[in-house]
Each structure stands twice: as structure tokens, then as C-alpha cells.
Amino acid sequence: MSLLGKKSEDPANGDGPLPKHHKATKNEKLVIVASSLGTMFEWYDFYLYGLLATYISSQFFSGVNETTAFILALAAFAAGFAVRPFGSLVFGRIGDLVGRKYTFLVTMSLMGLSTFAVGLLPSYETIGIAAPIILVGLRLLQGLAVGGEYGGAATYVAEHAPNGKRGLYTSFIQTTATLGLIVSLLLVIGLRSLLGEEAFADWGWRIPFLVSVLLLAISLWIRMQLSESPVFQRMKAEGRTSKAPIKEAFGKWVNLRFALIALFGAVAGQAVIGYTGQFYTLFYLVKVLKVDPGTANVLIAIALGIGTPFFVIFAWLSDKIGRKPIIVTACLLAAISYFPAFKALTYAANPAMAMAVENSPVTVLAYDDECSVQFDPVGSNSFDTTSCDIAKTFLATSGINYRNMAAEEGSAAQVIIGDAIIAAPNPVGLSSDAKAAAILDFRAKVKAGLDAAGYPDEANPDEVNKPLVVLILVGLMILVTAPYAPLAALLVELFQARIRYTAMSLPYHIGNGWFGGFLPSAAFAMVAATGDIYYGLWYPVVIAGMTFVVGLLFLPETFRRDIDD
């Protein structure tokens, strides 16, 4: 079977002559533009948290060590994704029962008000543990709202589009969602430049959240101008709407089967590719490669600006050759290119670190049973009860890539930097003061060894190869656009109109909410656990590879289907 698939004349498989369909009027096109702009504002709200995760970790998770705080901040980011499937069921059902338009208004209001509240939330130092708890609660509300957004927008736009252009029309949802990220990026960059890093880290990071109340007002006004989908209006007039869309969508195998194929054969791969390209790259530049956050934001913004038009290009192409070949090919390319791409990114963004890792690799020689996973969700583990934990904690918090080597039971851990060997202190039997002094002395020796081996504290701005970094990022962004561009049309075409909002929303939000949303926190936890800065890439590589196989074997072609029924 080729990647392009073999065409048949079976309309159920998406081939054969195009069915008749209403023509999209000029007014309908303006309505589609308005819908897409509303999506951009909503995703602006959602992306903000990911962009500001570093600042949020210091504001709301300051009661734990730095590595754990950042992973917890990413976990709170992921919390919004965790509830998205539930939001898709709630709002998908409303959308199939009541209509597409009014569901938009509810999701928009919930998202905007939750985002505004984050900007007003007191920090951990002010109200203690209540701060991260409230923050997670607001993220959950945002996730519920987004759970109802995408399916509604995709269904609404596709049901206005003429046959032969559904991919092109729905691509503006993906395009404007990415524009929401670009707008939020540009605002963060502008505020950092205007206020200075110290003021922005202290209070300026709140401004983008507070500005969202203005965007909420604009978005609600735009959504109020929309008319209901003609397909839904016709179904309602003919009495063909579903009375139990959730049961009909997932209680019948014929529909559930397509939901599972959509999830594992399209959405899961698209999700991890999307979050790797748009989020993990930013975190990787800042936290692993130690590039200045302002510089990293600018480089990401440039790459996004160059890559975004490819949403329209790939969507247009999907109207010509089909959705499936583009999606599965992108998943294959991602699975085979991520490791070399990120290694090239390391050499381009922080060549001193790359050369140090190559010429003077760091190894932790330790008895494995003494080594803890360097992640503590509740902040109760100080990682100082074994020599292995003392060694790995310092390397993890310093962002140093290291390998693990097994030692004999009872032996103290050692950190090997090139040819230098530094023994970690054995804390057993030491008083608290003696242990603290021994740890400080050990860290000083390791730091001196790292300095001597050429490991930089941060990326040298003069050595960052910005054109090459942008080129690599653009390649990763283009990979993001390929599977995402035709996805909305594919999902709309897979399901009947009477259950479409519900049926397409759940696999989309399980894929993007769970497979994609958990990627940054899971990948960084994998890096912290192993010491290998590239180990987190196994997460997207394995899932993209799975989607390639499942999609190639089971995903039907849909681009010629009639979606009116």
C-alpha cells in the first residue's frame, strides 16, 4: 500500500464524483472569517500559559525545587488538557442538540473569564498552597471551554463550505489558532522589552492575561454576528437532529469504530507533532539549551510566521489528493526526523554545550537502587539521603546531560566529567550541618569540573546561530502544519451531521488533550529521570510512529464525501 493510497469508486470511502452541495455565498465566507477570528482569540488565551510557564512556576510553585516547580507548572498546563475530552462531551452534546452558534458563546465566555482571573491570582508567597490549587482550577475551566471550541468551529465552518474546498475553508481554523500563539508571543516579547526582565518577571507577566478581557469582548461581539449552520438549520427543520448524540456517537460500533480510527490513526500523531513543534521547542531552547527567553520567543515567532501559511497550502492540497496521504506522511517524517533535528538544534543554539557533551560527556556511576526519579510532586523530597540523589539532583537542576552507569552495591556515587572523577558524599551518619557542608563542597567541585570541560551556564548570545535555529524551527513548524491542516475537514467528513459535533470532538480532544497536552510535562520528566536531554523525544516519536501505522492501514479517505446527511 502506498502512502497516497489506492482510489476506488466507492463513495463511502470518499471517492467517486462529488455530491451536490450548497454554494458558499460571500456573506457565508465573511461569517467563516469571523468564526476563525474568534478561534484565534480563544487560543490566544490558552497558549499564554504555555508561553509563561517559566514565570508561573516561580510565582505559584515556589515551595519546591526548581526542576520540580517547572515540571509542576507544565503539569498544571496539562491539567487544562486533561479535562478537554469531558468538555467535548458536554458542549458537543449541546451543539448537536441546540446548535453550533450558541455553544460558541458559552465556550468563549468561560475561556475568557478564566484567563482574566489568572492575571489577578495572588502568588504562592501571598496565599500559600491556595495559589496553585486555584490556578489548576482555572486551568480546568479553560480546558472544559476549549473542549467545546474546536469541534464547534470545525463543524460550523465545514458546514458552510462548498464541496471541494472544505479542507481550504477549515484550514483557517488551524491558521488562526496558530496566529493566536503568534499574537501572544509578540505581546510577551513586547512587554519584556518595554518593562525589562525584572519587572516582567515580577508583575508584567500578568498583563497578557488581563488583556484577554478586551479580547473576550471583541470575540463575543464577533460570535454574536454569526448565523446558524445551514446544515443544522435544515436538520432541525426536518426533525432529524439526534436526541441522544453521546449514546448514538459512541454506543454504536459503526460510529465508535471511526472515532477510534480517528484518534489513533490521525489525531494522536497530529497532536504530538503540534505540541513538539510549537511548545516543546520553546521549552527545550530555554530550559535545556539555556537560550535567553526573549531570544527564544523571537526565534519561535519568526518560525511560526514563516510556517503558518503552510496550513493553507497543505489544506488546499488535501482537497486535491486527499486528507490521508498528507497526515500519515507527516507522522512518518516526524518519527524519523526528531532526533537529528533536535541534535542539530543543540549545535545551532548552544554550540559550547554541544561540544562539551561530545568531548567531555558526564556520567553518573552509582548503585541503581539508591537513585530516585528526580521529580517530586509535593516538594517533600530534598534528594539528599543518598550519594546518587545528591549527584543527580545537582546535574538535573543545572540542566546537564548525563549518562548512567551501574556501580556495585554499597559504593558511593561518582560524577565523571571527561577524565575527571568527583566522588559524591555519603550522607549516612552525617549531621545536618556536616551533610550540608559536604553537599556544597561537592557541588563546587562539580561546577569547577563542568566549567573546565566547557559546559556553559547559559547560551552565549553571540554564538547562537540564529539563521540555522530559525531554519530548523521552520522545518519543525511545517511538520506541524501538514497533519493539522486537513484534520478538521477529515473529522467532519467521518461522521453524520446529526452527531458530528459530539463524535468528532471527543477523539480530537483525547488526542490533543491527553496525547499532546501531556507531552511537555511528560517529556521533561523523562529527561529529568534519565539525565538524557534527548530522551523526552521518544514520547512524540513513538506516538507519531503508531499513528503512521494505524492511519496507513485503517484510516479511510474522506475528501469527496457528502457531509449534508
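Strand 1 (residues 362-366) and strand 3 (residues 414-417) pair in the antiparallel sense over four bridges; two strands count as paired if DSSP finds at least two bridges between them. This is a predicted model, in which local features need pLDDT of at least 70 and side-chain atom pairs count only at pLDDT 80 or more, while totals for chains, interfaces and linings use all residues. Residues are numbered from 1 along each chain as its sequence is written, and side-chain values use heavy atoms, with hydrogens and water left out. The protein has 24 helices and four strands; these are DSSP runs numbered from the N terminus, with helices (H or I) of at least four residues and strands (E) of at least two.

- The four strands form an open sheet in the order 2-1-3-4, with mixed pairing.
- Strand 2 (402-406) and strand 4 (420-423) are the edge strands, and each pairs on one side only.
- Neighbouring strands of this sheet are turned by 25° against each other on average, direction ignored.
- Strand 1 and strand 2 run parallel and are joined by five bridges, with Val-364 opposite Asn-404 in strand 2.
- Strand 3 and strand 4 run antiparallel and are joined by four bridges, with Ile-417 opposite Ala-420 in strand 4.
- Strand 3 and strand 4 also form a hairpin with two residues between them, and Gly-418 in the turn has a positive phi of about 65°.

**Helix 13 and helix 20**

- Helix 13 (residues 253-288) and helix 20 (residues 466-484) pack at an angle of about 155°, with their axes 7 Å apart.
- That makes helix 13 roughly antiparallel to helix 20; angles under 35 degrees count as roughly parallel, over 145 as roughly antiparallel, 65 to 115 as roughly perpendicular and the rest as oblique.
- Axes are lines fitted to C-alpha atoms, for helices over the stretch in contact, and angles run from 0 to 180 degrees between N-to-C directions.
- The crossing of helix 13 with helix 20 is left-handed, which means that the near helix is turned anticlockwise from the far one by less than a right angle; clockwise would be right-handed.
- Residues of helix 13 in the contact (heavy atoms within 4.5 Å) include Gln-270, Ile-273 and Gly-274, and those of helix 20 include Leu-473, Leu-476 and Leu-479.
- The residues of this contact between helix 13 and helix 20 divide into nine nonpolar, five polar and no charged; Ala, Val, Leu, Ile, Met, Phe, Trp, Tyr, Cys and Pro count as nonpolar, Asp, Glu, Lys and Arg as charged, and the others, Gly among them, as polar.

**Helix 4 and helix 22**

- The axes of helix 4 (residues 84-97) and helix 22 (residues 500-516) come within 8 Å and cross at roughly 165°.
- Helix 4 and helix 22 are therefore roughly antiparallel to each other, and their crossing is right-handed.
- Among the residues making the contact are Phe-86, Leu-89 and Arg-93 of helix 4, and Tyr-501, Ser-505 and His-509 of helix 22.
- By class, the contact of helix 4 with helix 22 has nine nonpolar, eight polar and four charged residues.

**Single residues**

- Ala-334 is found in helix 16 (residues 324-349) and counts as buried at 0% relative accessibility.
- Not counting residues up to four places away in sequence, Ala-334 touches Ile-273, Leu-479 and Ala-544.
- The C-alpha atoms of Ala-334 and Gln-270 are separated by 9.8 Å, and the two residues are 64 residues apart along the chain.
- Lys-290 is found in the loop between helix 13 and helix 14 (293-307) and is buried, with a relative accessible area of 14%.
- Most residues other than glycine have a negative phi.
- Phi of Lys-290 is near 60°, a positive value in a residue other than glycine.

**The whole protein**

- Buried residues make up 59% of the 565 residues.
- Of the contacts with a separation of 6 or more, 84% are between residues 24 or more positions apart.

How values were computed:
Buried means under 20% relative accessible area, exposed over 50%, partly exposed in between (1.4 Å probe, protein chains only).
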